[in-house]
Amino acid sequence: EFHFITHNIIFKKPPSNPGRFANATLVRLADFLSAGYKKGVRPVKDWRTSTIVAIDLMVYSILSVVSSSWTDEFLVWNPEDFDEVKQVSLPTANVWVPDILINEFVDVGKSPDIPYVYVTHEGLVQNYKPIQVVTACTLNIYNFPFDVQKCSLTFQSWLHTIDDINITLMRSPEKLRDDKSVFMNQGEWELLHILSNYKIFSVDNDDYYAEMKFHVVIRRRPLFYTVNLLLPSIFLMVMDIVGFFLPPDSGERVSFKITLLLGYSVFLIIVSDTLPATAIGTPLIGVYFVVCMALLVISLTETVLIVRLVHKQDLQPPVPHWVKYLVLERAPVLFCIHKKHRFCARLSSQASELDPQCSLHHTCEIGQRLSHQDREGGMLGLRLAPSRDNTPPVMDNILQEVTAIRQFLEKRDRCREIAKEWLQVGYVLDVLLFRVYLVAVIAYSITLGTLWSVWQVA
């Protein structure tokens, strides 16, 4: 016979202390709001009623605050029953939140998680969420560094149609456009305005969706790029123009312009990392640098041609008649090239410097032309009478030397005249090419300056 003895073990629940929450109004309010609340259901009593979500955007710098609000019909209470509490913060995870997303949002890790929302006694839920938006924005860098960019942020419900969720602005479009009170102006970009555009679209012509698009228009501050990019380039171009005042018949101008070209090449290598690199197009400032480099090359080429023209004139043939007519007669009249006496003075000094080379060259030429028969016959180029039998040999030698000296002087005079003409042609062409170059640089500068000024004001 077995006897079973049972023991009843009673576990007593520790006595609760409701007294510590007796006067906790917010706890009672939270219990009241959460009783029977289903956050997975859209908070409307009539399912045919659309939930209107109001959106607002405030741009600080790289951080923007997206404000959204909607009415939750199940989060309504009477403030008199809860010590006149008219709003309370509730965990975001415990309430219904619309699925409003940014279409251009490409980096989800930049959005901080805000765990609370504000709820008023009328059921208005206010959600303020800072978002560091990384968007796919098409940049127009043609006007760099005077460019104005427009980036778009598109807000729409990912799933719900307009019958369930509709989108509207929290403020008027005018106030949203001109609000710059919180934007930080110390950065590279300046906020111009924020435009808004509401649109209803359909994918399959059956279900329609609401979309709110914000266009953030910003402008780049060009001071940094003007000081570090444009001014050095302008200074180098000015020095290139000043280099034309060096005498073209000296080698200093060529070395000076080669130094400028080398310095500009180093400058372009330094600033290449500053320019925006895209495959869509080339900024105008890049074209400006390339054209400036081309102008420096053209200036150096002109200098080389002029120096080649005014040097070694003794080895050149006489100036053609058409060149004399066009360059020395017509060009000074048409282009108002005055003070030709200054050219003549410089030509005389240059010709005297060329005399040793000219003398050596023509002395060798005379020595080659004086043949042995001319020396014996006394025919020295001046059509002198042949020597008689009774003429002393000393006189024949003297006549030969005098004739050689006279031929040498005549050759040297002709060499001087050719040198003077080529030098004068070189100086006139140098003045003409300098004026053409100066006009091209000024016209190019005015065109770019006008375009950049218009774009900066626009």
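User: How should I read the accessibility of Lys199: is this residue buried, partly exposed or exposed?

Analyst: Lys199 counts as partly exposed, because its relative accessibility is 39%, where buried means under 20% relative accessible area, exposed over 50% and partly exposed in between (1.4 Å probe, protein chains only). The structure is a predicted model, in which local features need pLDDT of at least 70 and side-chain atom pairs count only at pLDDT 80 or more, while totals for chains, interfaces and linings use all residues. Residues are numbered from 1 along each chain as its sequence is written, and side-chain values use heavy atoms, with hydrogens and water left out.

User: What share of the residues in the protein is buried?

Analyst: Of the 458 residues in the protein, 36% are buried. Phe235, by contrast, counts as exposed because its relative accessibility is 52%, and Phe235 belongs to helix 3, which spans residues 223-242.

User: How many helices and strands does the protein have?

Analyst: Helices (H or I, at least four residues) and strands (E, at least two) are DSSP runs numbered from the N terminus, and in this protein they come to 10 helices and 10 strands.

User: Which residue forms a salt bridge with Lys199?

Analyst: A salt bridge places a side-chain nitrogen of Lys or Arg within 4 Å of a carboxyl oxygen of Asp or Glu, and the partner of Lys199 is Glu211, with 3.5 Å between the closest N and O atoms. Lys199 lies in strand 9 and Glu211 in strand 10, so this pair ties together parts that are 12 residues apart in sequence. Glu211 counts as buried because its relative accessible area is 8%.

User: Which residues lie nearest the centre of the largest cavity?

Analyst: A cavity is a set of points, on a 1 Å grid over the protein atoms alone, where a 1.4 Å probe fits but cannot get out, and lining residues have an atom within 4 Å of a point; points are joined across faces, edges and corners, and the volume is the space filled by probe spheres set on them. Searching the whole structure gives 1 cavity of 30 Å³ or more, and the largest cavity holds about 50 Å³ of space. Its lining has 11 residues, of which Leu57, Met58, Val59, Asp179 and Ile194 lie nearest the centre. Strand 1 (51-59) and strand 9 are the elements that give two or more residues to this lining, and the largest share, 3 residues, comes from strand 1.

User: Where is Tyr142 placed, and what distance separates the C-alpha atoms of Tyr142 and Leu284?

Analyst: Tyr142 sits in the loop between strand 6 (124-131) and strand 7 (148-157), and counts as partly exposed at 39% relative accessibility. Although Tyr142 and Leu284 are 142 residues apart along the chain, their C-alpha atoms are separated by 5.4 Å.

Methods. 1 Å grid on protein atoms, 1.4 Å probe; cavity = no way out; pocket = protein on both sides within 12 Å on 5 of 7 lines; lining within 4 Å.
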